[in-house]
Amino acid sequence: MLHMKRFFLATGATFAALLVFATAPAFAAIIELGSTTTPLAKPVCPATGGCPIILTETTALQIQSDGTTYPTMSAYNGRIVAFTVTPASVSAADINGTAKTKTKAAQPGLNATYGGASEAAITVLQASSKHFYKVVAESPLFQLQPYFGHLVQFVLADSLPIAKGEFVALTVPTWAPLLTVDLTKSDFLWRPSRSSSCLDYTDQTAQLMTGENAQYLCFFTGTRVDYTATEITSPVPPPQPKKTPTTTTTTPTKK
């Protein structure tokens, strides 16, 4: 019985300590950068003709989504632990091309045109003046083709540091079917890492190295690059209680 009493006394003391700790939590938060009122969805070719849903050979930064400016800018210091994309379905003929026939010439596929299989990485950018952005962290490249037609989240084996005020972009050195088009022009806008030749989609401008600086002068309205990034924020120490100043009194001595 004596041992049981000691056990309950110890448990009560521990519980009291936990209550004191719980009054001043310092928890990390999980934030999905780039998430706005319109959920991610795989791109669909517009009914107006053509299919401009392919992002090619660049680093893409979403500047506005659903009217929210800089939706992938972090408001806190933290770590990027994953990113999510929704690549559209693409036919084998579009990917690999078609052979010559009696009635049609051979057509190169997307892999041949843009230098390889569809892949993407997540990139952390630091902004400076005149639309310059420098790479401060970058993930490995992930193959997208196995996930065409699906929403997929890639978890990073090594998380990326991100500071308050830095941005998350998507780097595609080859091609990726990740552009949702025909959206409201005033609500959606993105910039590629191109300073000129905005419509030259075979000009390689993807930022692949940490420290690389590029000027994002081109922009496209009414379009969304379908990606978000998962940030775990760094915990902020709770405010310390103010110390009450102590006063001392002295007793006069008799002479």
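These legends accompany close-up views of a predicted model.

**View 1. The whole chain.**
The protein has 255 residues, and 40% of them are buried. Its secondary structure comes to three helices and 17 strands. Among contacts with a separation of 6 or more, 82% join residues 24 or more positions apart.

**View 2. The largest nonpolar core.**
This core holds 45 residues. Ile-80, Phe-83, Val-85, Ile-122 and Leu-170 have the most contacts inside it. Several strands each supply at least two core residues: S2 (55-65), S4 (78-85), S7 (119-127), S8 (132-138), S10 (152-162), S11 (167-176), S13 (189-192) and S17 (227-233). Strand S11 gives the most, with seven residues.

**View 3. Ile-122 and its contacts.**
Ile-122 is one of the residues with the most contacts inside the largest nonpolar core. Neighbours within four places in sequence are left aside here. Ile-122 then touches Phe-83, Ala-137, Glu-138, Ser-139, Leu-156 and Leu-160, among others. Its contacts also include Val-168, Ala-169, Leu-170, Tyr-227 and Ala-229. Of these, Phe-83 and Leu-170 are also listed with Ile-122 among the residues with the most contacts in the core.

**View 4. Strand S4 between its partners.**
Six of the eight residues of S4 are buried, so the strand is largely enclosed by the rest of the structure. S4 and S10 run antiparallel and are joined by seven bridges. One of the residues to look for is Ile-80, whose bridge partner in S10 is Leu-160. S4 also pairs with S17, again in the antiparallel sense and over seven bridges. In that pairing, Arg-79 stands opposite Ile-232 of S17.

**View 5. Strand S11, covered along its length.**
Ten of the ten residues of S11 are buried. The strand pairs with S2 in the antiparallel sense, over five bridges. Leu-55 has Ala-176 of S11 as its bridge partner. S7 is also joined to S11 by five bridges, and these two strands run antiparallel. Here the bridge partner of Ala-121 is Thr-171 in S11.

**View 6. Val-136 in strand S8.**
Val-136 is found in S8. Its relative accessibility is 27%, so it counts as partly exposed. Not counting residues up to four places away in sequence, Val-136 touches Val-124, Leu-125, Gln-126, Glu-166 and Thr-210. Ile-162 is 26 residues from Val-136 in sequence. Their C-alpha atoms are 8.3 Å apart.

**View 7. Gln-126 in strand S7.**
Gln-126 lies in S7. At 34% relative accessibility, Gln-126 counts as partly exposed. Leaving aside neighbours within four places in sequence, its contacts are Phe-132, Tyr-133, Lys-134, Val-136 and Glu-166. Val-136, the subject of the previous view, has Glu-166 on its contact list too. Gln-126 and Asn-213 are 87 residues apart in sequence, with 9.2 Å from C-alpha to C-alpha.

Most residues other than glycine have a negative phi. Glu-57 has a positive phi, near 50 degrees. Glu-57 sits in strand S2. Its relative accessibility is 6%, under the 20% limit, and therefore Glu-57 counts as buried. His-131 also has a positive phi, near 65 degrees. His-131 lies in the loop between S7 and S8. At 32% relative accessibility, His-131 counts as partly exposed.

**View 8. A nonpolar patch on the surface.**
Leu-141, Leu-208 and Met-209 form this patch. Together the three residues have about 290 Å² of accessible area. Leu-208 is placed in the loop between strand S13 (189-192) and strand S14 (213-215). With a relative accessible area of 41%, Leu-208 is partly exposed.

Conventions
Residues are numbered from 1 along each chain as its sequence is written. This is a predicted model: local features need pLDDT of at least 70, side-chain atom pairs count only at pLDDT 80 or more; totals for chains, interfaces and linings use all residues. Side-chain values use heavy atoms; hydrogens and water are left out. Patches are made of residues with over 30% relative accessible area and no salt bridge: like charges are joined within 9 Å, nonpolar side chains (Val, Leu, Ile, Met, Phe, Trp, Tyr) within 5 Å. Accessible areas come from the Shrake-Rupley method with a 1.4 Å probe; for residues, only the protein chains shown count as cover. A salt bridge is a side-chain nitrogen of Lys or Arg within 4 Å of a carboxyl oxygen of Asp or Glu. Helices (H or I, at least four residues) and strands (E, at least two) are DSSP runs, numbered from the N terminus. Buried means under 20% relative accessible area, exposed over 50%, partly exposed in between (1.4 Å probe, protein chains only). A nonpolar core is a set of buried Ala, Val, Leu, Ile, Met, Phe, Trp, Tyr and Cys residues joined through side-chain atoms within 4.5 Å. Contact means heavy atoms within 4.5 Å. Two strands pair if DSSP finds at least two bridges between them.
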